[in-house]
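I opened this notebook to keep track of what I looked up, element by element, and of what I found each time.

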Amino acid sequence: MRFFRPVILVPVIVVLLMLSAAAVFVPWGTGTAVSYTAFMSQAEAGAFAAITVRGAEITGRAPDGAVVMTEAPAVDAVVARLTATGADLTFEDPGVAPWDVAKSVMPMVLVIGILGFALHRMGGGLMRGGAPFASTARTGKTFNDVAGAGEAKQDLMEVVDFLGNPQRYAVLGAAVPKGVLLSGPPGTGKTLLAKAMAGEAGVPFLSVSGSDFVEMFVGLGAKRVRDLFKRARAQAPCIVFIDEIDAVGRARGGSGGGPQNEEREQTLNQLLVEMDGFVAGTGIVVVAATNRPDVLDEALLRPGRFDRRIVVGRPDMAGRREILAVHAIGKPLDGVDLDQVARSTTGFSGADLENLVNEAALWAARQGRVTVTPADFEAARDKILMGAERKTLTMSPEERRLTAFHEAGHALMALCFPHSDPIHKATILPRGQSLGLVMRVPERDRISLTLAQIKADLRVAVGGRVAEQMVFGAERVTTGASSDIAHATDIAWRMVTEWGLSEKAGFLRYPARGEAGASMMSDHAAETVTSEVRRIIDDAMADAHAAMDQNLDSLHRIAEALLDRETLTGAEIGQIAALRQAA
Ligand code: ADP
């Protein structure tokens, strides 16, 4: 604002000057206005002792002091007649009336005013120089304030330790992390984690948002980055937190040019230069947060820059339970089972849960109660779910049930076909685009696959859809299987065209779609490949169907357990399923 004031003062000064100038020229004439004819007849009758002509305006002053005014069309024509009246005739410069001045300068004032305002909006910062950083000496947060993010906290402990004892690492010549990238959906506690790091290490916390760097003027963002790091160096050891790093860190050379893009690139380059510039041991750690890690420029993620990447996901049921407990502190709960609340809030982020507890307390207060009851939590959850449509990925009970059976189907097939990789865990916690997931982890690195393994994989892939069909009927199958279909088709296609695993297609290599030679393939060969792929997948579905039919009660048990606990480990699934027989 400092530099803005003169800009707005200019039009004000101009107006004042012009008004005062006008006031000097023109003493306001006051008097009775009369018609030209009436004036002339009074004048010629000798009614005026003095007459003043100012431009077209003629003023007559009677000996008793009365003043009469009129306007003459052409003064020259009346001068002879006025002279003849014998009154004392004076000619004055017409000058400028103040109102006329105001009228003529008003548009100019407006234009200058608007320009001044626009300049302030666009370039105020240019003159201002500094970026809007927030700097806190002590955040007052610790890892105890962050609930349920065990893995992230563990990873960050090391960085905290480094900030506390930079020399210990420097002596050993160990390359300490300079940048940590926290990625995850909004409200999952990324900012909170960064603040807790600063709090744990007892160092200052400088924070800025990526979008603050991106301004209209090329070069301004880069200057702000320089300023930020200058401040950081002065306060080191410290944590620099950049929220929404994707605003500056988007992959370069993307769509379109233009000053906005150029500005972003310059800012990003400056950020890279600064990060490369500080030597290990200076004690600055840059923590950046984003919910779009996929759009970030590769250069940002190289070693020595944001090489620590920590995913901060939506909390699972246990995590939600802990977060609820943290935010319930100080609120008089009455008979509220937080486990139950955690169970019914699949997909909620930390911020959503904080909001839920708060809304429940508000609701209780509105009802005039002094304790918060389960009914308040119910009401608060409904309000949030209905209000914030799809802001958080929440599933309807129906979708949840379908998802549970779909995932249970995959899991059951992994048990039925023992050549499959063992299940690591299964979850119906929505993540990104997927509503649920069965994760299998091979016991050893897989170098090559046996036919038995491939077949088992296929049966696991189709298991989700098969379970949906068997439990809910053909009409209620969902679109949830699209990635399974892509995966199964890919495997079957490669079995036929690359791996020589189809008798009918033979021990041949067929060109892939789009590959040179693909168009040379005879219609017959193409037909063979397609029909073999189709047969392989149909076989897999039939096998899966048969195996599931034999173990339908296991399928139900796994699905119910998933509905109840959301995430199950492979061992748990094995116990729950208690298979009658493996295929
Ligand atoms: P992000 O930066 O990921 O968008 P924030 O750190 O700003 O999210 O989180 C918003 C609020 O949600 C926090 O201030 C905190 O109160 C609450 N919150 C989020 N995650 C957690 C958590 N794991 N434990 C406790 N509170 C949390």
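Which residue just after H21 takes a positive phi? I went to the end of that helix and found that Ala578 does, at about 40 degrees; I note here that the model is a predicted one.

**Entry on H21.** I then asked which residues of H21, which spans residues 570-577, are buried. My list holds Gly570, Ile573, Ile576 and Ala577. Looking down the helix axis, I saw that these buried residues fall within an arc of 125 degrees, so they line one face of H21. On the other side of the helix I found Ala571 and Gln575, which are exposed. I also looked up what covers the buried residues of H21, and the cover includes two helices, H16 (397-416) and H20 (552-565), together with two strands, S12 (423-427) and S14 (567-569).

**Entry on S8.** Next I turned to strand S8, residues 205-209, and noted that it is mostly covered, with five of its five residues buried.

Which strands pair with S8, and in what sense? I found S6 (residues 134-136) joined to S8 by three bridges in the antiparallel sense, with Ser135 having Leu206 as its bridge partner. S9 (residues 238-243) runs parallel to S8 and is joined to it by five bridges; in this pairing Phe205 stands opposite Ile239.

**Entry on the open sheet.** I traced an open sheet of five strands in the order S1-S4-S3-S2-S5, and its pairing is mixed. Its edge strands are S1 (32-33) and S5 (88-92), each of which pairs on one side only. I followed S5 to S2 (residues 50-54), where the two strands pair in the parallel sense over five bridges, and there Thr52 has Thr90 as its bridge partner. Helix H2, residues 36-44, lies across S2, S3 (57-61) and S4 (67-71), and I recorded that it runs at about 130 degrees to S4.

**Entry on cysteines.** Last, I looked up how many disulfides a search of the whole structure finds, and the count is zero.

Technical notes
Residues numbered from 1 in each chain as written. Predicted model: local features only at pLDDT ≥ 70, side-chain atom pairs only at ≥ 80, totals over all residues. Heavy atoms only, no water. Disulfide = S-S within 2.5 Å. Buried < 20%, exposed > 50% of the residue type's maximum accessible area, 1.4 Å probe, protein only. Helix = DSSP H or I, 4+ residues; strand = E, 2+ residues; numbered from the N terminus. Arc of directions from axis to C-beta. Contact = heavy atoms within 4.5 Å. Pairing = 2+ DSSP bridges. Axes fitted to C-alpha atoms, helices over the stretch in contact; angles between N-to-C directions.
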